[in-house]
Amino acid sequence: MPNDPLNAFVPYGRTEVAGAADGPLAGLRFAVKDLFHIAGLPTGAGNPDWLRTHEVPRETAPAVQRLLDAGARVAGKTLTDELAWSLAGENAHYGTPENPKAPGRIPGGSSSGSAAAVAGGAVDFAIGTDTGGSIRLPASYCGLYGIRPTHGAVPLDGSVPLAPSFDTVGWFAWEAALLRRVGAVLLPPTQVPTFRRLLVAEDAFAIAGEAVRAALAPAVERLRGRFGAADTVTLAPEGLEQWRPVFQTLQAAEAWAAHGAWITATKPTFGPGVRDRFAAAATLDPALARAAAQTREGIRRRMDDLLGTDGLIVLPSAPGIAPLRGSSGAAVDAERGRALAILCPAGLAGLPQLSIPAARLQGCPLGLSLIGPRGSDPALLAIAEDLFA
């Protein structure tokens with residue numbers, strides 16, 4: 001579209017919406033992932049058939065309205081992977097947003113347009129959603145700060161769901177201080193805990209490999225210096241690769257519950273990957289979903305026990321740098337699997353996770369993540385600003 005060299009914004013209109021005359025975010029411009037409703041603007045959810053079959057919203061999503069009321073101005077709605085069910089950021093209908101920090105490589109999805117808009121300087125910050133990693137992975141790939149908050153901390157009313165028990169509002173910014181300012185508007189007031197124990201997730205680092213471990217080592221040492229020591233922990237005694245299918249099964253069941261009736265009636269055209277995932281979700285055995293839900297409860301207890309009230313887990317945000325655009329399907333699927341194994345613990349447990357642009361590898365950004373106890377979102381934002389600004 002005109003004036004969008006990043007291909008970050010949806011092609012059916014880059015419309016600005018004014019915020020309040022003053023407020024804590026006055027003078028800032030932000031982008032909105034095209035899953036959130038804005039009164040008078042269409043919501044396309046990354047799919048032309050969704051755009052065609054849904055009315056233009058009459059009300060604005062509460063999360064967007066909070067930001068407008070705080071003085072920020074909407075600069076436009078941004079591209080998303082179809083119904084948010086991807087981690088690549090390559091949309092078969094609308095194309096792939098640019099990754100300004102790693103040219104020729106994918107931005108990461110499904111909040112791809114929001115990440116590209118911030119990384120390319122088109123806006124000051126942007127909101128997206130994170131179900132399986134769609135804030136954390138693009139943040140790592142595009143060299144941004146990004147947070148997936150505690151599940152339910154920020155209202156998702158007025159948005160298109162994917163898997164409601166995992167879906168969260170998230171946001172990107174180019175600096176930690178701004179990420180924290182946005183958090184002060186979006187997050188509920190809470191008592192800020194004090195982190196006293198640093199826990200290095202060995203199994204997550206092992207999946208990422210030695211090159212990622214070495215690149216992130218200086219940032220881990222900076223954290224270690226803050227705490228004076230660190231304990232090495234294994235998040236999943238049975239292997240993070242065993243947690244990934246628990247997440248994928250539950251996500252598929254919830255995605256079909258949310259959209260199966262519309263898909264059956266409309267028969268929308270999906271791109272590869274998204275089409276295959278919905279087709280598999282349509283035939284998922286409910287017994288598998290029930291078993292996965294039981295396993296999830298054990299995972300939640302495991303993560304809560306590790307963190308207690310004062311623990312801070314450090315792990316890679318991604319298994320590596322952003323893959324090249326147009327990579328083969330097999331390569332994309334393999335990288336997606338490795339990424340989900342690292343990303344799924346916070347989602348399964350409903351915990352907050354913040355990605356920091358901590359390093360570069362082969363000239364490309366690489367993120368380091370912090371996971372805290374549920375409700376510790378403000379403390380995560382504070383430690384990112386204190387140590388990595």
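**Domain annotation, sheet and helix packing**

Over residues 270-381 the chain is 51% helix and 21% strand, with the end C-alpha atoms 37 Å apart. Helices (H or I, at least four residues) and strands (E, at least two) are DSSP runs, numbered from the N terminus. The model is predicted: local features need pLDDT of at least 70, side-chain atom pairs count only at pLDDT 80 or more, and totals for chains, interfaces and linings use all residues. Residues are numbered from 1 along each chain as its sequence is written, and side-chain values use heavy atoms, with hydrogens and water left out.

An unreviewed UniProt entry places the feature "domain: Amidase" at residues 18-174 and 270-381. UniProt positions follow the numbering used here, feature names are shortened, and annotations may be inferred rather than shown by experiment. The span 18-174 is 18% helix and 17% strand. Its end C-alpha atoms lie 22 Å apart.

Ten strands form an open sheet with mixed pairing. Their order is E2-E1-E3-E5-E4-E9-E10-E8-E6-E7. The edge strands are E2 (73-78) and E7 (231-233), each pairing on one side only. The twist averages 30 degrees from one strand to the next. Two strands pair if DSSP finds at least two bridges between them. Strand E1 (residues 29-33) runs parallel to E2, and five bridges join them. Here Val 32 stands opposite Lys 77 in E2.

Strand E5 (residues 168-173) has two partners described here. Strand E3 (residues 125-130) pairs with E5 in the antiparallel sense over six bridges. Thr 129 has Val 169 in E5 as its bridge partner. Strand E4 (residues 145-148) is also antiparallel to E5, over three bridges. Gly 146 has Phe 172 in E5 as its bridge partner. Six of the six residues of E5 are buried, so the strand is largely enclosed by the rest of the structure. Buried means under 20% relative accessible area, exposed over 50%, and partly exposed in between (1.4 Å probe, protein chains only). Thr 168, Gly 170 and Phe 172 point one way from E5, while Val 169, Trp 171 and Ala 173 point the other way.

Helix H5 (residues 176-186) lies across E3, E4, E5 and strand E9 (353-361), at about 150 degrees to E5. Helix H10 (residues 286-307) touches strand E6 (197-201), E7, strand E8 (311-316) and strand E10 (364-371). The direction of H10 makes about 115 degrees with that of E8. Axes are lines fitted to C-alpha atoms, for helices over the stretch in contact, and angles run from 0 to 180 degrees between N-to-C directions.

The axes of helix H7 (residues 210-227) and helix H12 (residues 377-388) come within 11 Å and cross at roughly 105 degrees. That makes H7 roughly perpendicular to H12 (65 to 115 degrees; under 35 counts as roughly parallel, over 145 as roughly antiparallel, the rest as oblique). Ala 219, Arg 222, Leu 223, Arg 226 and Phe 227 in H7 meet Ile 383, Asp 386, Leu 387 and Phe 388 in H12. The residues of this contact divide into six nonpolar, no polar and three charged. Ala, Val, Leu, Ile, Met, Phe, Trp, Tyr, Cys and Pro count as nonpolar, Asp, Glu, Lys and Arg as charged, and the others, Gly among them, as polar.

Ala 117 belongs to helix H3 (residues 112-119). At 0% relative accessibility, Ala 117 counts as buried. Beyond its neighbours within four places in sequence, Ala 117 is in contact (heavy atoms within 4.5 Å) with Leu 6, Ala 8, Phe 9, Ala 31, Thr 78, Ala 122 and Val 123.
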